[in-house]
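Welcome, and please have your viewer ready. We will go from one selection to the next and look at what is there.

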Amino acid sequence: QGIFVLGLPYALLHSGYSGLLLIVLAAALCCYTGKILIACLYEENEDGQLIRVRDTYEDIANACCKKLSPSLGGIVVNVTQVVELIMTCVLYLVVSGNLLSHSFPYVPVTEKTWSVIAFVTLLPCVFIKTLKIVSKLSQLCSLVHFVIILVVITYCLTQIPQWSWAKFRLSLEFEDFLVSVGVIIFSYTSQIFLPTLEGNMKNPGEFRCMLNWTHFFACILKTTFALTAFLTWGEKTKEVITDNLPSFFETLVNLCLLTKALLSYPLPFFAATEIVYSCIFKGNHSNYRSPLLALAVRGSFLLLTLLMSMFTPHFALLMGLSGSVTGAAMTFLLPSLFHLKLKWKKLSFLEKCADISVFILGFLCSLAGIVCSIKGLLEEFG
């Protein structure tokens, strides 16, 4: 689910009834592209049995681009993955500054300064060497997340007498709608983790069933959360929905969210640095774990995320831009393109049409979302 679920009520504010449809449609499309991405890992042997011949997203990309360059596809995918992971880290810093500023409104400190304070607590990330530490932090993060969602939904349900469907907008501003599309897409992105996940399942044959159920429940939770929150606050819905809570709830929930954001940061940070290591030192294992070089790379990544968070302190717009660029590419464009490339001769006419439709839809949404998100950010900078 992720902390970016908090931006969904704000997306409904700008997309109205169509936003509810988008949440459902995005779940269905992300589930579909997840399946076709995993299908690209397999090829039939002489007996007609499916054999896993590829292990990662990078392997799939390299297989599709091997006639042009043996490693071109992998480079494109790795760059896209690193950008998405870095943007995720930046968003955690942005939302941390936002949460702290609203939790302590009487402290004469700007939101950017709060982001720097949050950044200081993340400095120990440069010493994380294994995924084992990250996994423990992620377990705590998941627990805090569900507590937060439960508290917000419970409060919203106590406000049912004030709900009104008239709060939903019928007329939409096209640019605001496209930013909402990016926000919704970003809340579902998971494709970069799927090849590793499927490869580590005890029974990979259950992957498709698992994907169906997880996307179904994610869709239910996102729709419920976004709908109850928007019906509660309507036009007053803010970028981070917890800012709408009464003061006696807001500080407590915001501190929980801050804890979640800080606990969430190490996973994308670790994944991004590992991708960079594997790319730079491929085939050169003598320098792969150089302690000094590792600290330099991690320190550079930390500083980069801080600088980006300082210059783009707008949660929804930044999330919309990330969803439109890397989210759309990794979730819609590349899976459909790779599936068409690797499985063209074995696909039915309807399957080809589905892949082409997903690609075109993803391209249009990505292009329009990029333009509108950048325009919105430029307007915010005046």
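Is K345 buried or exposed? Select K345 to begin: its relative accessibility is 84%, so K345 counts as exposed. Keep in mind that this is a predicted model. You will find K345 in the loop between α13 (315-343) and α14 (349-380).

Next, select the cysteines C64 and C65. How many disulfides does the structure hold? The count is zero. C64 is in no disulfide, and its nearest cysteine sulfur, that of C65, is 6.1 Å away. A disulfide is a covalent bond between the sulfur atoms of two cysteines. A pair of cysteine sulfur atoms has to be within 2.5 Å to count as a disulfide, so the 6.1 Å from the sulfur of C65 to the one in C64 is too far for a bond.

While you are here, check how covered these two cysteines are. C64 is buried, with a relative accessible area of 11%. C65 also counts as buried, at 17% relative accessibility.

For the last stop, select I133, which lies in helix α6 (residues 131-157). With a relative accessible area of 41%, I133 is partly exposed. Then pick L267 as well and draw a line between the two C-alpha atoms. I133 and L267 are 134 residues apart along the chain, and their C-alpha atoms are separated by 9.6 Å.

Methods:
Residues numbered from 1 in each chain as written. Predicted model: local features only at pLDDT ≥ 70, side-chain atom pairs only at ≥ 80, totals over all residues. Heavy atoms only, no water. Helix = DSSP H or I, 4+ residues; strand = E, 2+ residues; numbered from the N terminus. Buried < 20%, exposed > 50% of the residue type's maximum accessible area, 1.4 Å probe, protein only.
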